[in-house]
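Visitor: I would like to go through this model with you and ask, at each step, what stands behind the words used for it.

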Amino acid sequence: MRTCEGLFQIDGQNLANDNLLFRSTTGSISIKIHPQESRAQNIRMSNIPEQELLPTTASVSEDDRLSIGGCDVRDLVEEFGSPLYVYDEQTLRGMCRDFVSSFTSEYPRTRIEYSSKAFANPTVAKIIDEEGLYMDIVTGGELAVAIAANFPAERLNFHGNNKGREELVEAVNYGIDSITIDSFAEIDLLSEVAVEQGVRQKVMLRLSPSIDPHTHMLTSTGILDSKFGFSIETGDAETAVEQALAKDSLEVEGLHFHLGSPIFELEPYSEAIDYVLQFAANMRDKYGLVLKRFSPGGGFAIGYVADTLPPSMGEYAKEIATAIRSGCDRYGLDEPELTVEPGRAIVGRAGIAVYTVGGVKTIPGVRTYVSVDGGMGDNIRPALYGARYAVVPVDRPTAPRTRTVTVVGKFCESGDFLARDVDLPEPETGELLALPASGAYCLMMASNYNMQTRPAVVLVNNGKARLMRRRETYSDLLAGTLNLD
Ligand code: LLP
C-alpha cells in the first residue's frame, strides 16, 4: 500500500473520512481519506470497544466526547432534543458503494436493491437513488415514500405476502419495474390488474426452499413452516411457475427467496442457491422457464455487539457468486442477473440512537436499572427478539466501564429493556447513552405506546446536521382521533 499525507479539499471543503471513487474509461480506483486529526483520534477510538459498531465517522474528542459525522453528539441533543436518532451520511453512502463493489467484483451483473423496510424515509431514498441502487417496497406506504423521493420506478421492486388490489394498481400505475409474487391469489389478482392497466408486468416468484438460516425464529422466513413464499417441498412452487407462465399479462423474469435476517452464516445461502437452481432447471425442462434474474434475498448481518461480528460483505458476495456459478454449471443454466436485497446492512451501522439517563435504581445483589427517555416505543427489538445492543457513554466513551447495568426504557412494561448487563462507567442522571447499530428496524417498528411521541431523526455529514424527520408532537398523536359526544 502507498500512503500520501496532506489536506485534501473538494470545492473548498476539507475531506475527512470520505470514500472517493475515480472512474475512467479503463477502470476505477477508490481512495479512502482518513481524518486530519486522525492519529490521536484513532487511538482514542480504538480505546472504545464499540469502534466497529459505530458509524465509520465516529470519533472521540480530546475532552472525551463522542462525535459522529463531525458533529458532537451532546450538541446534537441540545439542538434537536432527546431521544434522538442520528444517521451518518458517509457511512450510508459507504455501505452502498461497498455493496456495489463487493458484489460486482464477484459477479458483475448484480443489482443491489435496498430493502426500504429497514428505514423508509424520503431523504434516505434520495441517497439510495443517487448511489444508483435499486429499492424494494412492501406496502403502499413504502411506495409513497419512494414516490415522495421521486425514486425511479424502473429501479423499484414490490415484495410482500399479501399485497392489496389498490397497492398493486398504484405500483403498476407508477410503472414499477417488477413485482415479486407471493401467493396463488396474487397471481390472479396481479394478472387482472395488469390486464386492466394494459401492461405486461414483470414478475419474480418468491419461493420457500425449506432451509434454516439459524437466526431468530420470528425472523426466519425460508423454512417450511413460514407464511412467505411458494414451497418447493410441497409442490406449490411448481404449480406457481406453471400458473404464472400461463398468464399472458405476466412476464416471469425469475425466482427469489429470502431465508431470514440477520444471517451470520454463509452456508445457508449456498445451500439454498443450489436447491433453487436445481428447481429452476427442472422448471426449464418441464415448462420452459427462462431464469433471467435470480435473487437470494437479503439478510446480511451487522455487528450489534463487539463479540459477535458478521462475515464481511466480500465473504457474502463470494459465497453467493460461487454458489450461483457452480449451480448454473451443474444444472446447465445460463448465469442469470443477480439481485441482492440488503436492508439492515445498508442503514444499520449508519444510525445511532441517543437517550438521556433519568433514574438509576440499584437492587443490591440483583441489578442496577438505568432508565432512559425512550425504549420499546422506538426500539422494540430487544423485547421482541431478545436482540442485544452495546451502549456507549456519550460524554465519556473511553472512561473505564466499572459497573454492570441494565438499560431500560420509560414504557409501562417490564419487558421494556434496551440492553441487559452492559458495562458502563458509574451511571449518572442527565448523561447521554448511545446505542450503535440502531439505523435498521428500530424507528420502522416504532409505536406510540403510552402515547409517547416518536424521536426526531437527523442526518449528519461533515460537521453539519439536518433534520430528516421532526420529533412528533402531541398534536400529531391526536390528529387522527375523533372526540365523539
Ligand atoms: N428481502 C426480503 C424479501 C425481506 O423480507 C427482507 C427483510 C429483506 C430483503 C431485507 O433483509 P435485511 O437485509 O434487512 O436483513 N424486523 C426484523 C427484520 C425483519 C426483516 C424482514 N424482511 C429485525 O428487526 O431484525
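The conversation below takes up the domains, the ligand shell, the core, some backbone features and a few strands.

Guide: Before we start, please keep in mind that this is a predicted model, in which local features need pLDDT of at least 70 and side-chain atom pairs count only at pLDDT 80 or more, while totals for chains, interfaces and linings use all residues. Residues are numbered from 1 along each chain as its sequence is written.

Visitor: How do you know into which domains the protein chain is divided?
Guide: The bounds come from an automatic or database domain assignment, and they divide the protein chain into domain 1 (77-81 + 350-477) and domain 2 (89-346). The C-alpha centres of domain 1 and domain 2 lie 32 Å apart. Their contact takes 18 residues from domain 1 and 21 residues from domain 2, where two residues are in contact if their C-beta atoms, placed from the backbone, lie within 7 Å.

Visitor: Which element gives the most to the side of domain 1 that touches domain 2?
Guide: That is β24, with three residues; the elements that give two or more are α12 (381-385), β24 (456-461) and β25 (464-469). Helices (H or I, at least four residues) and strands (E, at least two) are DSSP runs, numbered from the N terminus. By class, this side of domain 1 has 14 nonpolar, two polar and two charged residues; Ala, Val, Leu, Ile, Met, Phe, Trp, Tyr, Cys and Pro count as nonpolar, Asp, Glu, Lys and Arg as charged, and the others, Gly among them, as polar.

Visitor: Why is the ligand said to lie between the domains?
Guide: Domain 1 and domain 2 both give residues to the shell around the ligand, and therefore the ligand lies between them. A residue is near a molecule if its C-beta atom, placed from the backbone, lies within 6 Å of it. There are 19 residues around the ligand, of which Ser261, Gly298, Gly343, Arg344 and Tyr441 come nearest. The shell consists of seven nonpolar, nine polar and three charged residues.

Visitor: What makes the phi of Tyr441 worth a remark?
Guide: Most residues other than glycine have a negative phi, and most peptide bonds are trans. Tyr441, which is in the loop between β23 (432-435) and β24, has a positive phi near 65 degrees although Tyr441 is a residue other than glycine. Asp64, in the loop between β5 and β6, also is not a glycine and has a positive phi of about 65 degrees. As for peptide bonds, the one joining Ser82 and Pro83 is cis, with omega about -5 degrees, and the one from Ser261 to Pro262 is cis with omega near -10 degrees. Pro83 lies in the loop between α2 (73-80) and β8 (84-88), whereas Pro262 lies in the loop between β15 (250-256) and α9.

Visitor: Which residues touch the most other members of the largest nonpolar core?
Guide: They are Val86, Leu205, Val354 and Ala434, out of 129 residues in that core. A nonpolar core is a set of buried Ala, Val, Leu, Ile, Met, Phe, Trp, Tyr and Cys residues joined through C-beta atoms within 7 Å. Helix α9 (residues 267-287) provides the largest share of this core, eight residues, and at least three residues come from each of domain 1 and domain 2. Leaving aside neighbours within four places in sequence, Val354 is in contact with residues including Pro83, Val86 and Ala434.

Conventions:
A residue is buried if 20 or more other C-beta atoms lie within 10 Å of its own, exposed if 12 or fewer, and partly exposed in between; C-beta atoms are placed from the backbone.
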